[in-house]
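Biologist: I would like to learn how to read a model like this one. Could we go through it feature by feature?

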Amino acid sequence: MNKVLIIHGPNLNLLGTREPEIYGSDTLDDINRYVAEALAPFQLELDFFQSNHEGAIIDRLHAAAGAYDGVVINPAAYTHYSIAIRDAIAGIDLPVVEVHLSDIHKREAFRRVSVIRDVCYMQISGFGKNSYVFGVEALMGWQALQEIARAAHGADWQRRALQILSGRFPPFQVLHLYRQGEDGKLVLQASAGGQDVHNDIPRVCTQAVRSAEVQSATTPDGVPEIAVPVQNTAVLYAAFAPVGRSFEEHDRFLLQRVAGILAGGGAGAR
Ligand code: DQA
């Protein structure tokens with residue numbers, strides 16, 4: 001993911017003074033600056049666009065195909081009824097993530113409906129300005145998934161899959177794949193990422209295999225960690241850098257998709 005377009009829909013130019021109890025007091029410029037700074041470590045090229053006009057947003061989406069690697073869009077009120085924006089997203093060959101500042105699922109009934117949700121890779125709603133940061137991260141995850149799916153064959157592909165994930169999705173600093181041995185104990189099978197934070201098998205891994213459910217925790221030194229079962233006999237483990245943010249829904253989504261690929265030897269990538 002090199003070039004990303006971030007589109008803001010109608011009335012978002014009023015942020016700062018528009019219903020601050022819902023949308024906060026940051027202006028749109030403040031938000032764009034924050035997003036660019038938060039994503040600076042990933043060295044992406046980010047462009048921002050705002051319009052109050054449906055046609056202008058559609059034109060920008062059309063022009064994005066071929067010029068960008070992905071789009072993050074907050075279609076604002078158009079989310080809830082613009083079939084034209086939905087069709088534009090469906091009609092371009094680009095990954096698109098839908099984002100919202102407020103949690104549209106906890107507001108009026110008419111806001112809970114998104115007509116664009118199912119033509120987008122993911123919907124991220126309710127994290128304020130971080131929704132945009134997570135939206136771009138989700139695009140990086142999408143790219144990792146495509147590459148992992150392509151790499152899912154040949155010898156040693158699971159280790160390569162972890163390397164691709166840690167390279168393409170830098171928030172994951174440590175990635176391990178453990179598999180149950182004959183005695184039922186977990187054994188490290190593949191590893192990627194920076195310095196190891198554990199000498200022993202992390203407790204969350206044992207818990208994840210036992211419960212067959214995703215488990216998350218924090219290491220004694222404050223590192224957020226998560227373990228995702230792979231077919232009940234293996235577990236995919238990820239940890240953030242100590243300075244990292246906590247695990248969010250899009251992280252879990254990505255790891256579960258990767259676990260699906262690891263389980264199926266390539267199936268489940270899309
Ligand atoms: C919004 C939510 C929409 O329902 C609303 O019309 C907006 C902003 C959000 O970011 O929370 O204008 O997309």
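**Ligand, domains and salt bridges**

Modeller: Start at the ligand: an N or O atom in the side chain of His100 is 2.8 Å from one of the ligand's oxygen atoms. A polar contact is a pair of N or O atoms within 3.5 Å; within protein, one must be able to donate a hydrogen and the other to accept it, and residues adjacent in sequence count only if both atoms are side-chain atoms. This is a predicted model, where local features need pLDDT of at least 70, side-chain atom pairs count only at pLDDT 80 or more, and totals for chains, interfaces and linings use all residues. Residues are numbered from 1 along each chain as its sequence is written, and side-chain values use heavy atoms, with hydrogens and water left out.

Biologist: Which residues surround the ligand?

Modeller: A residue is near a molecule if one of its heavy atoms lies within 4 Å of it. Those around the ligand include Arg18, Tyr23, Asn74, Ala77, His80 and His100. The side chain of Arg18 has an N or O atom 2.8 Å from a ligand oxygen, while Ala77 places a backbone N or O atom 3.2 Å from a ligand oxygen.

Biologist: How is the chain divided into domains?

Modeller: Domain bounds come from an automatic or database domain assignment. Here they give domain 1 (3-142) and domain 2 (154-264). Their centres, taken over C-alpha atoms, are 30 Å apart. In the contact (heavy atoms within 4.5 Å), domain 1 and domain 2 take part with 10 residues each.

Biologist: What is the area buried between domain 1 and domain 2?

Modeller: The size of an interface is often given as the accessible area lost when the parts come together. The loss is found with a 1.4 Å probe and summed over both parts. Here it is about 850 Å², with 74% from carbon and sulfur atoms. Phe134, Glu137 and Met140 supply 44% of the area that domain 1 buries against domain 2.

Biologist: How many salt bridges are there in the structure?

Modeller: A salt bridge is a side-chain nitrogen of Lys or Arg within 4 Å of a carboxyl oxygen of Asp or Glu. The structure holds 11, but the count between domain 1 and domain 2 is 0. One of the salt bridges joins Glu45 and Lys3, whose closest N and O atoms are 3.8 Å apart.

Conventions: Buried area is the accessible area (1.4 Å probe) that two parts lose on being put together, summed over both.
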